[in-house]
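Trainee: I have not looked at this structure before. Could we go through it step by step?

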Amino acid sequence: MLAEQDQFEAERSARMVKAVYVYEAPLRLWHWVNALAITVLAITGYFIGLPLPSVPGEASNSFLMGYIRFAHFAAAYIFAIGFIGRIYWAFVGNHHARQIFILPVWNMKWWSEVFYELRWYLFLVKEPKKYVGHNPLAQLMMFLFFTVGAVYMICTGFALYGEGLGEGSWASQMFGWVMTAVGGNSMQVHSWHRLGMWVTVSFAVVHIYAAIREDIMSRQSLISTMISGWRMFKD
Amino acid sequence: MFRRAPAGGVKKTNEGDTPMTDTFYEVLRRQGITRRSFLKFCSLTATSLGLGSAFAPKIAHALETKPRTPVIWLHGLECTCCSESFIRSAHPLTKDVVLSMLSLDYDDTLMAAAGHQAEAILEEVKRKYKGNYILAVEGNPPLNEDGMFCIQSGRPFIEKLKETAADCKAIISWGSCASWGCVQAAKPNPTRATPVHKVIFDKPIIKVPGCPPIAEVMTAVVTYMLTFDKLPELDRQGRPKMFYGQRIHDKCYRRPHFDAGQFVEEWDDDQARMGYCLYKMGCKGPTTYNACSTVRWNDGVSFPIQSGHGCIGCSEDGFWDKGSFYDRVTDIKQFGVEANADKVGGTAAAVVGASVAAHAAVTALARARQKTGIDTPKGED
């Protein structure tokens with residue numbers, strides 16, 4: 001989490017190898033399933049709001065919108081259940097698994113490393129620090145855009161889903177409050193949910209770019225780590 | 001099954017000491033309604049309320065024995081479309097019956113009395129039936145300039161509303177005006193038109209939104225309250241579940257076209273003629289809770305979607321301020337500009353994408369310079 005701590009962990013491991021096992025198997029599996037679910041959700045969600053060109057022929061012969069919505073709802077369930085599983089893993093997994101849920105906001109040193117990392121991205125410092133898990137800036141972004149974003153999308157999404165299931169369904173019971181919270185008009189929730197999709201797309205762009213860039217530029221491996229679980233250090 | 005009321009109907013019951021008016025049955029018979037049509041009406045009402053056939057005799061019994069509950073119908077800032085809709089109710093029965101079912105003791109647009117005479121009735125009902133009458137409010141009170149935008153009998157409407165509400169049993173908010181604010185509360189809401197539930201806090205309020213609400217829904221809500229002497233079950237936002245529990249979209253007869261992916265793309269295209277789904281034309285059916293697609297309008301003749309125009313969501317809160325009636329992805333006002341989620345979000349995503357590309361380019365350049373400038377002399381290989 002902090003460069004100093006991670007340095008210690010890295011050094012301790014470095015006596016034997018220059019690699020640390022960071023991401024455990026369930027977490028890696030979750031990451032890629034989640035990535036797939038988000039991709040499906042974004043694409044199908046886009047076409048639920050602005051559907052594809054009209055299908056010709058009898059209505060009984062096609063079910064295009066139905067399949068698109070089905071894919072969206074199925075992916076949403078996978079995303080939501082995966083998120084619950086991820087929260088569970090934060091409790092039982094290693095300490096890196098807790099990073100995206102808890103920010104050490106009271107730790108001034110952590111904040112200074114956030115700004116250090118920011119300066120690295122602004123080309124103001126020559127060399128980045130070494131991290132076993134997420135660097136503080138990455139951790140902050142993951143928390144704000146993924147963790148908070150996921151909760152937001154699950155709440156607004158299942159509130160809308162509850163409308164289809166009907167009054168009194170589990171989704172309407174659990175998430176119906178979202179409707180009243182935004183003023184009672186579900187059109188508003190549709191708009192805000194769609195906006196959330198664009199935020200997620202923007203996050204994905206930055207996330208993928210940062211992963212590739214860090215993989216090349218930083219002092220440790222990034223992409224292969226999410227596949228094998230091992231963080232390799234280059235120096 | 002249907003127990004006939006004693007000859008001449010049940011006379012004043014004298015429950016407590018409150019003087020009560022005639023029962024519904026007495027009034028109906030006096031108006032020349034036969035017992036046969038009265039019973040038919042009871043069965044129809046039971047059906048429209050979604051109750052089993054066993055409830056028809058219960059309704060009949062209630063209407064035979066219960067004294068009519070007096071209703072005071074107030075009109076605030078409004079267009080009176082709720083009243084126009086109400087008097088066109090087809091089931092339960094016709095307007096005459098409905099109007100006599102309610103002991104509609106005060107309604108400034110429908111009553112014969114005027115001026116001081118009318119106001120005297122209001123006072124009398126309030127005194128005689130204290131805590132026992134239903135207050136139906138059509139329209140809403142404007143609060144700006146001390147309520148001067150709606151003056152009745154020389155006083156701001158808000159005063160009249162608060163006074164009348166103080167002694168009532170329950171309030172029915174007729175239409176979107178009383179329920180949400182409707183057009184007069186649309187931004188910037190110059191008169192500060194305010195829905196009833198934001199000025200009256202100590203009484204149960206049933207919202208029957210719509211601009212106007214469906215006539216049969218209005219009469220059925222009243223019938224339910226009179227028959228069972230309790231409020232209908234309400235949803236989270238205070239609307240009767242039996243009519244506002246589902247969206248237009250859930251029961252729309254064009255729904256199969258939606259699921260199939262068959263949409264009207266333009267107002268005059270072939271798909272429009274074939275009656276495809278109006279989703280792309282901005283139909284608000286998927287976000288509107290009302291009974292239009294089941295009960296329909298004007299004795300079940302039609303409803304907007306059946307007539308080829310999308311739903312505008314008139315029974316939803318703030319429907320005037322939620323962007324165009326003809327867009328599916330509508331404008332969000334929170335950003336100070338007229339832009340929808342795609343414009344705001346798409347722009348943001350494009351900016352992020354461009355920044356990432358620029359950042360990547362700068363990174364590549366810096367790295368190239370580093371490689372040639374610093375790495376080579378220092379490095380050993």
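What follows is a set of questions and answers on a predicted model.

Trainee: Where in chain A does UniProt place the feature "transmembrane region"?

Mentor: The record is an unreviewed entry, and it gives this feature for chain A. The positions in the UniProt entry are residues 29-49, 70-91, 137-161 and 195-212.

Trainee: Is Gln99(A) buried or exposed?

Mentor: Gln99(A) sits in the loop between helix H3 (64-92) and helix H4 (108-121) of chain A. A residue counts as buried if 20 or more other C-beta atoms lie within 10 Å of its own. Gln99(A) has 20 other C-beta atoms within 10 Å, so the residue is buried.

Trainee: How many Å in space separate Gln99(A) and Asn34(A)?

Mentor: In sequence, Gln99(A) and Asn34(A) are 65 residues apart. In space, taken from C-alpha to C-alpha, the two are apart by 17 Å.

Trainee: Which element gives the largest share of the side of chain B that touches chain A?

Mentor: The contact involves 45 residues of chain B and 38 residues of chain A. On the chain B side, the elements that give two or more residues are helix H11 (255-260) and helix H14 (341-378). The largest share is 13 residues, and the element that gives it is H14(B).

Trainee: How many charged residues does that side of chain B have?

Mentor: Sorted by class, the side of chain B that touches chain A has 18 nonpolar and 15 polar residues. The number of charged residues there is twelve.

Trainee: What share of the residues of chain B count as buried?

Mentor: Chain B has 14 helices and nine strands. Among its contacts between residues at least 6 apart in sequence, 68% join residues at least 24 apart. Of its 381 residues, the share that count as buried is 45%.

Trainee: What is the order of the strands in the open sheet of chain B?

Mentor: E1(B) and E2(B) pair in the parallel sense over four bridges. Strand E1 (residues 70-75) of chain B also pairs with E3(B), over five bridges, and E3(B) pairs with strand E6 (residues 168-174) over six bridges. The edge strands, each pairing on one side only, are strand E2 (103-107) and strand E7 (205-208). The open sheet has five strands with parallel pairing, in the order E2-E1-E3-E6-E7.

Trainee: Which residue is the bridge partner of Trp73(B) in E3(B)?

Mentor: In E2(B), Trp73(B) has Asp107(B) as its bridge partner. Leu74(B) stands opposite Val137(B) in E3(B). For Trp73(B), the bridge partner in E3(B) is Ala136(B).

Trainee: Why is strand E3 of chain B largely enclosed by the rest of the structure?

Mentor: One side of E3(B) carries Tyr133(B), Leu135(B) and Val137(B), and the other carries Ile134(B), Ala136(B) and Glu138(B). Both faces are covered. E3(B), residues 133-138, is largely enclosed because the number of its six residues that are buried is six.

Trainee: Which residues point one way from E1(B), and which the other way?

Mentor: E1(B) is mostly covered, with six of its six residues buried. Pro70(B), Ile72(B) and Leu74(B) point one way. Pointing the other way from E1(B) are Val71(B), Trp73(B) and His75(B).

Trainee: Which residue in E6(B) does Tyr133(B) stand opposite?

Mentor: Tyr133(B) is one of the buried residues of E3(B). E3(B) and E6(B) pair in the parallel sense. In E6(B), the residue opposite Tyr133(B) is Cys168(B).

Methods:
Residues are numbered from 1 along each chain as its sequence is written. Chains are lettered from A and ligands numbered from 1 in the order in which they are written. This is a predicted model: local features need pLDDT of at least 70, side-chain atom pairs count only at pLDDT 80 or more; totals for chains, interfaces and linings use all residues. UniProt positions are given in the numbering used here, feature names are shortened, and annotations may be inferred rather than shown by experiment. Two residues are in contact if their C-beta atoms, placed from the backbone, lie within 7 Å. Ala, Val, Leu, Ile, Met, Phe, Trp, Tyr, Cys and Pro count as nonpolar, Asp, Glu, Lys and Arg as charged, and the others, Gly among them, as polar. A residue is buried if 20 or more other C-beta atoms lie within 10 Å of its own, exposed if 12 or fewer, and partly exposed in between; C-beta atoms are placed from the backbone. Two strands pair if DSSP finds at least two bridges between them.
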